[in-house]
Amino acid sequence: MYKTISSDKTKMVEEILSTGLQKAAPGDVVMACSFSVEDLVIIDLLQELAPQVSIFAIDTGRLHEETYEVAEALLQKYQLQINWHLPQTETLQELEREKGLFSFRENLDNRHECCHIRKVEPLNRALAGKAGWITGQRRSQSATRTTLADIETDRAHGDIVKINPLVDWSDEQVWDYATARRLPVNRLHSQGYPSIGCAPCTRAIKPGEDVRAGRWWWENPEHKECGLHRP
Ligand code: SF4
């Protein structure tokens, strides 16, 4: 199905991908790209390991300019196509007309509502009819991901296969790979942003803070998920 890459780190990715793709066969498997450094590593590996996997991204309408720059750099580097999915216009208009542009700061229900409209619903559309998807999730990323498996059954999307090839990678391993391969990482990372989501819900962290401390910083750690990765 694909060529072998010979390092311990990438060997594990190859095995996880191989098993996951076989589990999903003969259906279509897609890669969800949020332009994180993990996603860049996976996209780079996919060019050799599984180039048939197509890439999709969700444009919430609230992303940083720097994130769009990463998307453009990927297009230049790999000549690939990114299948963008945007929120439903009517629903988004209703939200902004009724609740304004920062309702997500008011309470957890409003935050979940915004994430549902801007992220979860477009994700559902992106995954409709697919047999599986690939994500850049890692166990060490947050308190909500410590028991993450390399391959899961995604019950929230019709029991399709969910493949997490970097599940066991450390921060250092991800960054070593990205640096060695000169990947076009988001320049916000060098300004104190280890984890980058929508602009109004992401801030730089201070030395010693958890890597996810800059995401929805007004909420408790156990709430810091946007609904894209439901159990
Ligand atoms: S991260 Fe913030 S702006 Fe983005 S969809 Fe969620 S609540 Fe809305």
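**Entry 1: the loop at F35.** I began with F35, which I located in the loop between strand 1 and helix 2 (37–49). I noted that the model is a predicted one. The phi angle of F35 is near 70 degrees, a positive value in a residue other than glycine. I recorded this because most residues other than glycine have a negative phi. Is F35 buried or exposed? I counted 25 other C-beta atoms within 10 Å, so F35 is buried; the cut-off for a buried residue is 20 or more.

**Entry 2: W216.** I then looked up W216, which lies in the segment after helix 6 (171–180). Its phi is also positive, near 40 degrees, and W216 is not a glycine. W216 has 23 C-beta neighbours inside 10 Å and therefore counts as buried.

**Entry 3: a cis peptide bond.** I checked the peptide bond from A25 to P26 and found it to be cis, with omega near 5 degrees. I made a note of it because most peptide bonds are trans. P26 has its place in the loop between helix 1 and strand 1.

**Entry 4: the whole chain.** I listed six helices and six strands in the protein chain. From the N terminus on, I read their order as α-β-α-β-α-β-α-α-β-β-β-α. The C-alpha atoms fill a box of roughly 50 × 40 × 35 Å along the principal axes. For 231 residues, a compact globule would have a radius of gyration near 17 Å, and the chain agrees with this at 17 Å. I found that buried residues make up 35% of the 231 residues. Of the contacts between residues at least 6 apart in sequence, 72% join residues at least 24 apart.

Entry 5: In what order do the six strands of the open sheet stand? I read the order as 3-2-1-4-6-5, with mixed pairing. Strand 3 (82–85) and strand 5 (151–154) stand at the edges; each has a single partner strand, so one side of each is left without a neighbour in the sheet. The twist from one strand to the next averages 30 degrees. I followed strand 5 to its partner, strand 6 (residues 160–163), and found that four bridges join the two, which run antiparallel. In one of these pairings, I160 of strand 6 is the bridge partner of D154.

**Entry 6: helix 1 and G20.** I saw that helix 1 lies across strand 1 (29–32), strand 4 (132–134), strand 5 and strand 6, and that it runs at about 170 degrees to strand 6. G20 is found in this helix, which spans residues 8–24. With 23 C-beta neighbours inside 10 Å, G20 counts as buried. Leaving out residues up to four places away in sequence, I found that G20 touches G132, I151, V161 and I163. G20 and E152 are 132 residues apart along the chain, yet their C-alpha atoms are separated by 8.8 Å.

**Entry 7: helix 5 and A126.** Helix 5 lies across strand 1, strand 2 (54–58), strand 3, strand 4 and strand 6, at about 160 degrees to strand 2. I looked up A126 in this helix (residues 108–127). A126 has 19 other C-beta atoms within 10 Å and is partly exposed. Beyond its neighbours within four places in sequence, A126 is in contact with V30, F56 and H85.

**Entry 8: the ligand.** Which residues are the closest to the ligand? I noted F104, C114, C115, C198 and C201, out of 13 residues that surround the ligand. By class, this shell has seven nonpolar, two polar and four charged residues.

Definitions and conventions
Residues are numbered from 1 along each chain as its sequence is written. This is a predicted model: local features need pLDDT of at least 70, side-chain atom pairs count only at pLDDT 80 or more; totals for chains, interfaces and linings use all residues. The radius of gyration is taken over C-alpha atoms; the globule rule is 2.2 Å times the number of residues to the power 0.38. A residue is buried if 20 or more other C-beta atoms lie within 10 Å of its own, exposed if 12 or fewer, and partly exposed in between; C-beta atoms are placed from the backbone. Two residues are in contact if their C-beta atoms, placed from the backbone, lie within 7 Å. A residue is near a molecule or strand if its C-beta atom, placed from the backbone, lies within 6 Å of it. Ala, Val, Leu, Ile, Met, Phe, Trp, Tyr, Cys and Pro count as nonpolar, Asp, Glu, Lys and Arg as charged, and the others, Gly among them, as polar. Two strands pair if DSSP finds at least two bridges between them. Axes are lines fitted to C-alpha atoms, for helices over the stretch in contact, and angles run from 0 to 180 degrees between N-to-C directions.
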